[in-house]
Amino acid sequence: MSLTLENLKRVLRESAGTEDGVDLGGDILDTPFEELGYDSLAVLEATSRITREFRIEFDDDAAVAAATPREFLALVNAG
């Protein structure tokens with residue numbers, strides 16, 4: 001099973017909420033996580049939830065280093 005952008009947005013909302021003024025419904029694939037209101041701890045929490053919920057194994061350190069949702073999805077879905 002691959003992780004979709006919609007799944008990633010849901011997990012981010014559930015783990016860290018949504019910052020005021022941030023629209024996750026738009027084209028966010030290349031928007032840095034920090035601009036979306038998610039710091040490295042929020043991404044790490046999302047990574048942990050994705051590992052448990054979707055049973056997808058990937059490198060946590062590399063996931064936190066992903067700067068955008070596109071990079072994150074590429075990493076997660078690569079292996």
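Me: Which residues is N7 in contact with, leaving aside its neighbours within four places in sequence?
Reply: N7 is in contact with S2 and F54. Keep in mind that this is a predicted model, so treat every value here as computed from that model.

Me: Where does N7 lie, and is N7 buried or exposed?
Reply: N7 lies in helix 1. N7 counts as buried because its relative accessibility is 18%, and the cut-off for buried is under 20%.

Me: Which other residues of helix 1 are buried?
Reply: Along with N7, the buried residues of helix 1 are L5, L8, K9, V11 and L12.

Me: And what do those buried residues pack against?
Reply: The buried residues of helix 1 pack against helix 2 and helix 4.

Me: How many residues does helix 1 have, and how far does it reach?
Reply: Helix 1 has 12 residues and spans 16 Å from first C-alpha to last. That is close to the expected 16 Å, taking 1.5 Å a residue.

Me: What follows helix 1?
Reply: G17 comes after helix 1, and the phi of G17 is positive, near 80°.

Me: Are E6 and K9 buried or exposed?
Reply: One of each! E6 counts as exposed because its relative accessibility is 52%, and the exposed class starts over 50%. K9 counts as buried because its relative accessibility is 4%.

Me: How many salt bridges are there?
Reply: The count comes to 5 salt bridges. Another one is between E53 and R10, at 2.4 Å from N to O. E53 lies in helix 2 and R10 in helix 1, so this pair ties together parts that are 43 residues apart in sequence.

Me: What about the accessibility of E53 and R10?
Reply: E53 is partly exposed, with a relative accessible area of 38%. R10 is partly exposed too, at 27%.

Me: And which residue forms a salt bridge with D30?
Reply: That would be R70, with the closest N and O atoms 2.7 Å apart. This pair links distant parts of the chain: D30 is in the loop between helix 1 and helix 2, R70 is in helix 4, and they are 40 residues apart. R70 is partly exposed, with a relative accessible area of 42%.

Me: OK, new topic: aromatics. How many aromatic pairs does the structure hold?
Reply: The structure holds 2 aromatic pairs. In one of them, the ring centres of F33 and F72 are 6.1 Å apart and the planes are at 85°, so the pair is edge-to-face. F33 lies in the loop between helix 1 and helix 2 and F72 in helix 4, so the pair ties together parts that are 39 residues apart in sequence. F33 and F72 are both buried.

Me: And how are the rings of F58 and F72 arranged?
Reply: Their centres are 6.1 Å apart with the planes at 85°, so F58 and F72 are edge-to-face. F58 sits in the loop between helix 2 and helix 3, 14 residues from F72 in helix 4. F58 counts as buried because its relative accessibility is 14%, and F72 counts as buried because its own is 0%. F33, F58 and F72 form one aromatic cluster.

Me: Last topic: which residues touch the most other members of the largest nonpolar core?
Reply: L3, I50 and F72 do, in a core of 23 residues. Helix 1, helix 2 and helix 4 each supply at least two residues of this core, and the largest share, 5 residues, comes from helix 2.

Me: What does L3 touch, not counting residues up to four places away in sequence?
Reply: L3 touches L8, I50, F54, I56, F72, L73, V76 and N77. As general background, nonpolar side chains tend to be buried together in soluble globular proteins.

How values were computed:
Residues are numbered from 1 along each chain as its sequence is written. This is a predicted model: local features need pLDDT of at least 70, side-chain atom pairs count only at pLDDT 80 or more; totals for chains, interfaces and linings use all residues. Side-chain values use heavy atoms; hydrogens and water are left out. A salt bridge is a side-chain nitrogen of Lys or Arg within 4 Å of a carboxyl oxygen of Asp or Glu. Buried means under 20% relative accessible area, exposed over 50%, partly exposed in between (1.4 Å probe, protein chains only). Helices (H or I, at least four residues) and strands (E, at least two) are DSSP runs, numbered from the N terminus. Rings of Phe, Tyr and Trp (its six-membered ring) pair if their centres lie within 6.5 Å; planes under 30 degrees apart count as stacked, over 60 as edge-to-face and the rest as tilted. The expected span of a helix is 1.5 Å times one less than its number of residues. Contact means heavy atoms within 4.5 Å. A nonpolar core is a set of buried Ala, Val, Leu, Ile, Met, Phe, Trp, Tyr and Cys residues joined through side-chain atoms within 4.5 Å.
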